[in-house]
Amino acid sequence: MSKVFGFSGKNDFFRGDSICSSIREGSLFLSLGRHADLYFPPSKRFRISAPVDLRDKTDESNRVSIEALPDECLFEILRRLPGDQERSSCACVSKRWLTLLSNIRRDELQSEEDVSMTSGDLNTLEEEEEKEENETESNGYLSRILEGMKATDTRLVAISVGASSRGGLGKLLVRGSNPTRGVTDVGLRTVARGCPALRVLSLWNVPSVGDEGLIEIAKGCPLLEKLDLRQCPSITDRCLAALAKGCRNLSEVTLDSCRMVGNEGLRVLAKGSIRSVTVKDCPLVGDQGIVGLVSNHATGLTKLKLHGLPVTDLSLAVIGRYGKQVTDLVLENLSNVSERGFWVMGNGRGLQKLIALSISSCEGVTDLGFDSIGKGCLSLRQLCVRRCSVLSDSGLVSLVKSAPSLERLQLEECHRVTQYGIFGLLMNSRESLKSLSIKNCLGIKDLDKGMELPSATPPCESLRSLSITNCPGFGDSNLIVLGKICSRLQNLDLTGLTGITDPGLFPLLEGCEVGFIKVNVSGCSNLTDESVSALCRTHGWCLEVLNIDSCQKIGDRSLAAISENCQLIRDLDISYSAVSDGGIAELSHGDRVNLQVLSVAGCRVSDKSLPALKKLGRSLLGLNLQGCNGISQSSVNHLIEQLWKCDILH
């Protein structure tokens, strides 16, 4: 060993033999090859009885990690990220990072321009400016919907942070809320900080959201235009005041079942640029709120909808006097309003621009009220009356006489109106009436067979659309009279009239001078193939839509007539009729028939109709085969494969 430690490396050279004087001494070396020896001193082996721990013995508290930074430092780091894409990626690291990113306001972010200038990369400055311009143009075009169990604060925060890389949210709808960890003010605060371009906010059945969340929206979303709050019991007037002050573009507000909102909230909204207000089932909203909203001259209120409010005649009087810009008015279930309120509203002479009026479940409206409305609303074009049991034939006729611009009239569940009121309405209407719809009016009965109209009965040549549905007393005699009065009909809907038959429909078809475009006789169980054949012969040249659903006496002969005469028909519904395979084959023989929608649901068709359906499918976009038990699943699969452009229901 002395030679090893005494080797100087200057004049002593290794000659190729062993440097050890004895074999025992040489055993201390580990041989690595022919000309390489490694010294390995002897050591004593220790018995280890404790379990072996292979982990690093270094104190974990001394490890260097970004997670050790406090929130303040990490906040400063995250807000200096160069772009939205980088921030979105960091949001996926942990819930802590996501929370910190959601608390960064848009104005607190360091711009990409500052980052590039700090790093000295001046060459990419123009590209970054162009990118910012593109992002600005796309602001507010994203829409997101959270429903049911998915509506949580965590998802809302993730959407807010993720959408920021694509210009931010423009429309947010929350339908329902998770019962254990639903949407709260915390989630809305993140939306307010991350989505300044939000224009539409809709919250339905979100009980955990209160004033604080909407106040944050008012501060962070100045471009908000539409607000829809339904079943939000924690909302009060305080948040409405903040929204009216912070969101100057707010023009449409809906308040439904918000039981803490009162009169002061509506008065504050009137100070902004509000255009449309809907208030439903808010028990604290009374006459003072409606008066403050309508009488404010600074507002340009055009649409007003009141449902189930404890308002009185005073509110309707103010609407009739100061609603000079109102074009759409809906009054529903106002139980405290009497006949006097509607009379004063019509005589107030303030609703000169009113175009559409809907009155539902208001027992106070009478014939006198309708007469004053017709005289006071000279621009009224659309009138819808539902569940008004006091309206009678005389009130209906006087309304039509006094409303010079009325174009559309809809009556539903007005049981005091009879067939005489309908005929009087048509004979006394001005040349403006174009559409008449009567639904579920049980007071309409069929005329006596021996009763005839005077020879000088004036026709209603302006009427283009007639809908009489689910009136069980309506029969053939009434149809014959309509055929004499209405000679220029184009759209006809007689759904659910089981009292009409072929002899009653023939005069109406023959008396029409213009030609029917849309005909719906679904549920008319007493009509037969004779009616459809007559319709196709006289009006097949212009017929586009035909619905004979649940007409069990109509079968294959009707499809043959359609195939031969109806070249323009595009929508045909023969569901639950007597059509069979032969009728489908007859329909496919028409080379000029280009159907787009065909429904044969519940018909007695089988796999034999497969070739005919494939032929018709060349132009079909929709095919309904539901309830066709005769068609096998393999045939349906074959149709789906062949008719790849067609949406098939089975």
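Is Lys-375 counted as buried, partly exposed or exposed, and what is its relative accessibility? At 44% relative accessibility, Lys-375 counts as partly exposed, where buried denotes a relative accessible area under 20%, exposed one over 50%, and partly exposed the range in between (1.4 Å probe, protein chains only). The structure is a predicted model, in which local features need pLDDT of at least 70 and side-chain atom pairs count only at pLDDT 80 or more, whereas totals for chains, interfaces and linings use all residues. Residues are numbered from 1 along each chain as its sequence is written, and side-chain values use heavy atoms, with hydrogens and water left out.

The protein contains 25 helices and 22 strands, these being DSSP runs numbered from the N terminus (helices, H or I, at least four residues; strands, E, at least two). Of the 650 residues in the protein, 48% are buried. The protein exposes about 32600 Å², of which carbon and sulfur atoms supply 50%, with accessible areas taken from the Shrake-Rupley method with a 1.4 Å probe and, for residues, only the protein chains shown counted as cover. When contacts (heavy atoms within 4.5 Å) between residues at least 6 apart in sequence are considered, 79% join residues at least 24 apart.

Ten salt bridges are counted, the criterion being a side-chain nitrogen of Lys or Arg within 4 Å of a carboxyl oxygen of Asp or Glu. One of the pairs joins Arg-230 to Asp-256, with the closest N and O atoms 3.9 Å apart. Because Arg-230 lies in strand S6 (residues 226–230) and Asp-256 in strand S7 (residues 252–256), this pair ties together parts that are 26 residues apart in sequence. Arg-230 is partly exposed, with a relative accessible area of 27%, while Asp-256 counts as buried at 12% relative accessibility.

Lys-375 forms a salt bridge with Asp-371, the closest N and O atoms being 3.2 Å apart. The two residues are four apart in helix H16 (residues 367–376), and Lys-375 and Asp-371 are therefore separated by about one helical turn. Asp-371 is buried, with a relative accessible area of 18%.

A salt bridge between helices is formed by the side chains of Arg-557 and Glu-530, at 3.1 Å from N to O; since Arg-557 belongs to helix H22 (residues 556–565) and Glu-530 to helix H21 (residues 529–539), the pair ties together parts that are 27 residues apart in sequence. Arg-557 is partly exposed, with a relative accessible area of 49%, and Glu-530 likewise counts as partly exposed, at 37% relative accessibility.
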